[in-house]
There are 2 protein chains.
Amino acid sequence: MPTLQDVAQRAGVSTATVSKVLSNTPYFTEETRRKVMAAVDELGYVPNLAARALAAGKTHIVAVVFPYVYEPIFSDPLTLRILGGIESVITQHGYNMLLSTPRLVPDAPDEHYLQLIRSGYLDGMIAIDNVPGVSAVQPAREKALPAVVIGYGTREGDYWVRSDDFSGGEQIMTHVLELGHREIGLITVPENINMALEYRLEGMQSVCEARGIDFERLPRAHGDFSTESGARCAADLLARHRELTALLCLNDRMAMGAIQQARLMGRHIPRDLTVTGYDGIPAAASFAPPLTTIDQGAPDIGQTAARMLFDVLEGATPDSLVVPVSLIHGETTARPCPVPDHDPASISPSTRKEDPSP
Amino acid sequence: MPTLQDVAQRAGVSTATVSKVLSNTPYFTEETRRKVMAAVDELGYVPNLAARALAAGKTHIVAVVFPYVYEPIFSDPLTLRILGGIESVITQHGYNMLLSTPRLVPDAPDEHYLQLIRSGYLDGMIAIDNVPGVSAVQPAREKALPAVVIGYGTREGDYWVRSDDFSGGEQIMTHVLELGHREIGLITVPENINMALEYRLEGMQSVCEARGIDFERLPRAHGDFSTESGARCAADLLARHRELTALLCLNDRMAMGAIQQARLMGRHIPRDLTVTGYDGIPAAASFAPPLTTIDQGAPDIGQTAARMLFDVLEGATPDSLVVPVSLIHGETTARPCPVPDHDPASISPSTRKEDPSP
DNA sequence: ATGCTGTAGTTAAGAGCTTAACTATTGCCT
DNA sequence: AGGCAATAGTTAAGCTCTTAACTACAGCAT
């Protein structure tokens with residue numbers, strides 16, 4: 001591989017001049033540029049990034065951090081969409097994206113991750129941080145590495161982007177309440193493992209309280225984000241609370257599991273049971289029937305976070321941002337049906353999609 | 001940030017000794033190691049990766065290359081699963097993963113991508129290469145950068161991992177034929193844009209020919225991998241060929257779209273129409289009904305590719321590998337129903353899940 | 001003429017690490 | 001005692017680039 005030296009020699013100038021030409025630092029003639037570029041082309045010179053990084057202290061590498069906490073991140077479609085958003089912006093800026101997936105456990109730091117952050121290899125980072133008690137950005141703060149947080153694990157002075165979880169909770173609960181449901185079950189995850197979900201719940205609660213409904217009384221089941229857990233939770237809730245006419249699920253995958261389970265138990269969706277999701281993953285739209293859910297605008301979150309990071313790298317101090325969400329009207333919600341007798345043995349033949357009954 | 005020098009000084013030894021201790025090169029006493037490690041801890045020393053890369057010519061960075069070709073890669077759930085498999089192995093080895101997504105277009109190389117490959121920043125790469133005419137690994141070959149290809153875009157001497165697409169095609173076609181279907185429609189993508197799909201088709205063809213069925217005669221529609229395109233293709237095929245009793249889709253997303261569309265057209269799945277997918281993405285399992293499809297073993301492919309790369313980096317010459325696939329028996333396939341009159345207006349009320357008719 | 005400014009290019013000092021080549025010491029064999 | 005091998009550690013060169021400091025010189029106002 002040819003080096004700067006080789007190029008300089010061939011062009012008949014010094015290495016400093018070549019470096020200037022390549023980085024567009026002023027003070028060289030058009031003639032010189034031509035000579036240098038010719039030499040670069042002839043030799044097929046490509047700068048060595050390690051040397052450049054060492055000399056200039058800039059690597060042009062940005063870390064994208066998706067911590068493994070309670071959930072294997074690679075099973076969440078949302079991850080991919082956020083990643084896609086981030087990627088488009090990073091690529092535009094000519095940077096490279098290092099994907100890091102530390103195993104975060106309270107009081108047991110991921111040494112490899114810490115080394116990476118402290119190694120000077122990174123110009124900045126974008127981290128998902130939604131779990132209380134463990135932080136992916138903390139090491140970046142310590143090293144004063146420019147960082148943007150996606151989520152709630154932030155401190156004063158951090159730059160962050162968040163989905164408007166509170167509003168999402170409000171919107172979905174409002175939708176369900178306005179359809180007339182009062183006997184509502186919640187499929188969520190254990191307390192305090194994800195702050196985004198906490199805010200969704202708070203949004204739901206605020207709507208309930210405004211309408212005089214005791215949110216705390218609504219039966220809950222705790223899953224782990226997975227489809228299977230959604231099915232399990234639905235089985236549990238529907239068995240224990242036969243009066244339920246709606247299940248609000250805190251993510252789409254659990255909602256899809258819940259729907260399948262409800263069907264097995266003889267419920268038609270949405271006629272006998274309203275089910276909602278949250279996230280707006282692609283599978284929710286192609287589900288049958290399409291899920292009523294909240295679109296988080298995942299690619300937008302990724303793009304926004306990346307843009308913000310580049311602002312910071314350029315010395316600006318961008319404002320942190322809440323990304324709005326929107327309700328997707330699918331076909332899994334309907335008015336509650338007037339107290340049917342849910343005996344699984346007596347599924348009537350009329351359990352078909354379009355029910356023309358009054 | 002403290003440097004090697006600082007550590008050496010504090011430990012009262014030379015930088016060379018510190019370097020040896022840290023890299024476990026022989027010839028130092030336990031006593032020396034203790035002193036060095038103490039100094040490292042006290043100073044919180046972390047080696048500068050750029051300097052290390054420059055001096056040693058090793059960066060401990062592996063590129064994972066998912067080219068954008070005909071399809072935005074971030075909308076394919078399979079991507080995420082392969083990525084997850086790769087990630088687990090790379091992390092185990094203490095390497096870092098640089099995610100690169102070049103825009104590959106014939107005769108218009110992605111300059112930024114080329115620079116990255118040639119920049120000496122990478123110790124190796126894993127690339128998905130399934131599209132004829134454009135190659136993600138080619139630059140790696142030119143630079144003699146250790147590489148493992150996932151897919152068919154290989155040359156003599158390349159290391160590769162492939163899913164057994166031919167067998168997958170055979171399995172799914174055999175399954176459908178054995179159920180008794182003869183009027184079969186194919187939902188695929190345009191010719192020559194993806195070699196993996198070509199082999200799936202060839203597998204299907206071989207089975208047909210062995211049974212005296214003229215594969216070329218089967219009606220086809222061409223989508224673009226997306227759910228929506230699957231719906232469009234199904235609409236087209238079912239309208240033009242009312243005799244069809246089965247639709248074989250070359251990926252799961254198109255299958256899900258096809259199923260939704262078929263339902264809109266009054267077909268019950270699987271009673272009136274058998275539909276199959278391919279890939280075994282998570283959404284296929286949580287679909288209603290669960291898709292009959294081929295499990296590609298995506299995480300396994302990723303892991304295998306990564307392991308193979310590390311073998312190469314250690315100087316071994318691993319054997320390239322075909323990863324077996326398996327048929328997932330979902331609930332979207334059934335025996336063909338004896339020539340029903342598919343008038344959308346006359347959906348009978350008995351269109352329910354369990355049909356106890358003889 | 002003198003001094004100043006601005007431009008074009010060079011020199012050389014790092015940036016922080018690895019490693020080949022070297023020195024020094026010890027233990028062991030004959 | 002002499003020679004050799006193995007061990008422990010040091011010295012210093014080198015990896016490739018950036019950049020501050022410098023030289024050289026033309027153009028211009030005073």
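Q: How do you know that Val161(A) has a bridge partner in E11(A), and which residue is it?
A: The partner of Val161(A) is Leu321(A) in E11(A). Strands here are DSSP runs of E, at least two residues long, and helices are runs of H or I of at least four, all numbered from the N terminus. Two strands pair if DSSP finds at least two bridges between them. E5(A) and strand E11 (residues 321–323) of chain A have 3 bridges in the parallel sense, so by that rule they pair.

Q: What joins E4(A) to E5(A)?
A: Strand E4 (residues 147–151) of chain A runs parallel to E5(A), with 3 bridges between them. Val149(A) has Trp160(A) of E5(A) as its bridge partner. This is a predicted model, in which local features need pLDDT of at least 70 and side-chain atom pairs count only at pLDDT 80 or more, while totals for chains, interfaces and linings use all residues. Residues are numbered from 1 along each chain as its sequence is written, and chains are lettered from A and ligands numbered from 1 in the order in which they are written.

Q: Why is strand E5 (residues 159–163) of chain A called mostly covered?
A: A residue is buried if 20 or more other C-beta atoms, placed from the backbone, lie within 10 Å of its own; 12 or fewer makes it exposed, and in between it is partly exposed. In E5(A), 5 of its 5 residues are buried. Tyr159(A), Val161(A) and Ser163(A) point one way and Trp160(A) and Arg162(A) the other way.

Q: How many residues are in contact between the chains, and what makes a contact?
A: Two residues are in contact if their C-beta atoms, placed from the backbone, lie within 7 Å. There are 49 such residues in chain A and 49 in chain B. H5(A) gives the most to the side of chain A that touches chain B, with 8 residues. By class, that side has 24 nonpolar, 19 polar and 6 charged residues. Asp, Glu, Lys and Arg count as charged, Ala, Val, Leu, Ile, Met, Phe, Trp, Tyr, Cys and Pro as nonpolar, and the others, Gly among them, as polar.

Q: How do E2(A) and E2(B) pair?
A: They pair in the antiparallel sense over 3 bridges.

Q: Which residues are closest to DNA strand D, and what does "near" require?
A: A residue is near a molecule or strand if its C-beta atom, placed from the backbone, lies within 6 Å of it. DNA strand D is surrounded by 26 residues, the closest being Ala16(A), Ala51(A), Ala55(A), Ala16(B) and Phe28(B). H2(A) gives the most to this surface, with 6 residues. The surface has 14 nonpolar, 10 polar and 2 charged residues.
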